Amino acid sequence: MKMPKAILLAAVLSLGATEAPAADKLKVAVAQRGQWDTAITELGLRAGIFAKRGLEIETLYTQGGPEAHQAVISGSMDVACGGGIESAIGAFARGAPLHIVGSAMIGSPDTYWFVPANSPIRSLNDASGKTISFSQNGSSSHTALLALLEQYKVDAKPVATGGHPQTLTMTMTGQIDIGRGAAPNGLDLVEEGKIRVIARGSEIKSRADQSVRVCVANRAVIERGDLIARFMQGYRDTLDWMYSDPAAMKIYQEFSSVPQTLMAKIRDEYFPKSTLWPDQIRGLDLILADALKNKFIQKPLTPEQTKDVIRIPPPIK
């Protein structure tokens, strides 16, 4: 008995639909949940942008870049975004199977240091002998703080305080003298007069044109065809959307609980789009010199290592 042509065609179309290729899974560790720059993966996921590149994203949030990098080194995560570049270079130099696949932040325009409104500390000139915050050893905030103290010749005492909520609590309760924040976290408290900003990362001259945070990937994942190339293109696509579509602000508010009116007000001051674009590692020679000075690496990288540590995939259509 012959099957009618219409039924046969429907059966073929149905079979084709069920055999559509499944999305490739990619596990991404992200440092410091809720910041605008570290929300790129989350917003791209929620907007369906990575799905258009055939990717299913699973995210893990950490309190700092070194923790995210360790997850990639162990193989429990495939990619990490938002960690400090010196930490990544140090891990690579020690033989870790990770490579830099994109720049995540140039300079430190988002970072600031603050005190409670009633603190006697008015500026970094008053910070000698005082405790001052960074997130984790090897993080971008760690290297930013070292550069800031060196620039102003201030003998303050750096202390690792973890993520933003606990840092704020430690600062407001006097456990640490000077806290560290990153926009948009805490800026509502600045407007309310509860805390005062005494220094900003944008003041650090040596880092103004350097990549300070990066995306890294496990070597084995890089070698799995075009998986990382599709992820980084989705990352670019998401950035373009975040700076062109007002809907991005709404989704960011839903994710972070930061009012979209506040983010719209501060975005271009604290996060110029050009500082987040991933295609080039800026100031590499100075970065490598700082990594050696700050003992993230024990000896200079060879020319071969310097070339191999960075594997940024070119844009794809």
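**Entry 1: the largest pocket**

I looked up which element gives the most to the lining of the largest pocket, and I found helix 6 (164-172), with three residues. This is a predicted model, and I keep that in mind for each entry that follows. The space in this pocket comes to about 300 Å³, and of the 18 residues that line the pocket, Leu-168, Pro-184, Asn-185, Gly-186 and Asp-188 are the closest to its centre. I then went through the elements and noted that strand 5, helix 6, strand 8, helix 7 (187-191) and helix 11 (260-270) each supply at least two residues of the lining. Sorting the lining by class, I wrote down 10 nonpolar, six polar and two charged residues.

**Entry 2: the sheet beside it**

Strand 5 and strand 8 had turned up in the pocket lining, and I next looked up how they are arranged. They belong to an open sheet of three strands, in the order 8-5-9, with antiparallel pairing. Strand 8 (179-182) and strand 9 (195-200) stand at the edges and each has a single partner strand, so one side of each is left without a neighbour in the sheet. On average, neighbouring strands here are turned by 40° against each other when direction is ignored.

I also followed one pair along its length: strand 5 (residues 111-116) pairs with strand 8 over four bridges, in the antiparallel sense, and Trp-113 has Arg-180 of strand 8 as its bridge partner. Across strand 5, strand 8 and strand 9 lies helix 5 (residues 140-152), which runs at about 75° to strand 5.

**Entry 3: the largest cavity**

How many cavities of 30 Å³ or more does a search of the whole structure find? I noted three, and the largest of them has a volume of about 130 Å³. By class, I recorded two nonpolar, 13 polar and three charged residues for the lining of the largest cavity.

I turned to helix 4 (residues 85-93) and helix 13 (residues 284-293), whose axes come within 10 Å and cross at roughly 70°. Angles of 65 to 115 degrees count as roughly perpendicular, and therefore I describe helix 4 as roughly perpendicular to helix 13. On the side of helix 4 the contact is made by Ile-85, Glu-86 and Ile-89, and on the side of helix 13 by Ile-287, Leu-288, Asp-290 and Ala-291. Sorted by class, this contact has five nonpolar, no polar and two charged residues.

**Entry 4: the second largest cavity**

Which elements each supply at least two residues of the lining of the second largest cavity? I found helix 4, strand 10 (211-218) and helix 13, which brought me back to the crossing helices of the previous entry. About 50 Å³ of space lies in this cavity. The lining includes Ile-85, Glu-86, Ile-287 and Asp-290, and I had already listed these four residues in the contact between helix 4 and helix 13. Thr-143, Arg-207, Gln-210, Ser-211 and Val-212 line the cavity as well. By class, my note for this lining reads three nonpolar, three polar and three charged residues.

Key: Residues numbered from 1 in each chain as written. Predicted model: local features only at pLDDT ≥ 70, side-chain atom pairs only at ≥ 80, totals over all residues. Heavy atoms only, no water. Axes fitted to C-alpha atoms, helices over the stretch in contact; angles between N-to-C directions. Parallel < 35°, antiparallel > 145°, perpendicular 65-115°, else oblique. Contact = heavy atoms within 4.5 Å. Nonpolar A, V, L, I, M, F, W, Y, C, P; charged D, E, K, R; others polar. Pairing = 2+ DSSP bridges. 1 Å grid on protein atoms, 1.4 Å probe; cavity = no way out; pocket = protein on both sides within 12 Å on 5 of 7 lines; lining within 4 Å. Points joined across faces, edges and corners; volume = space filled by probe spheres on them.
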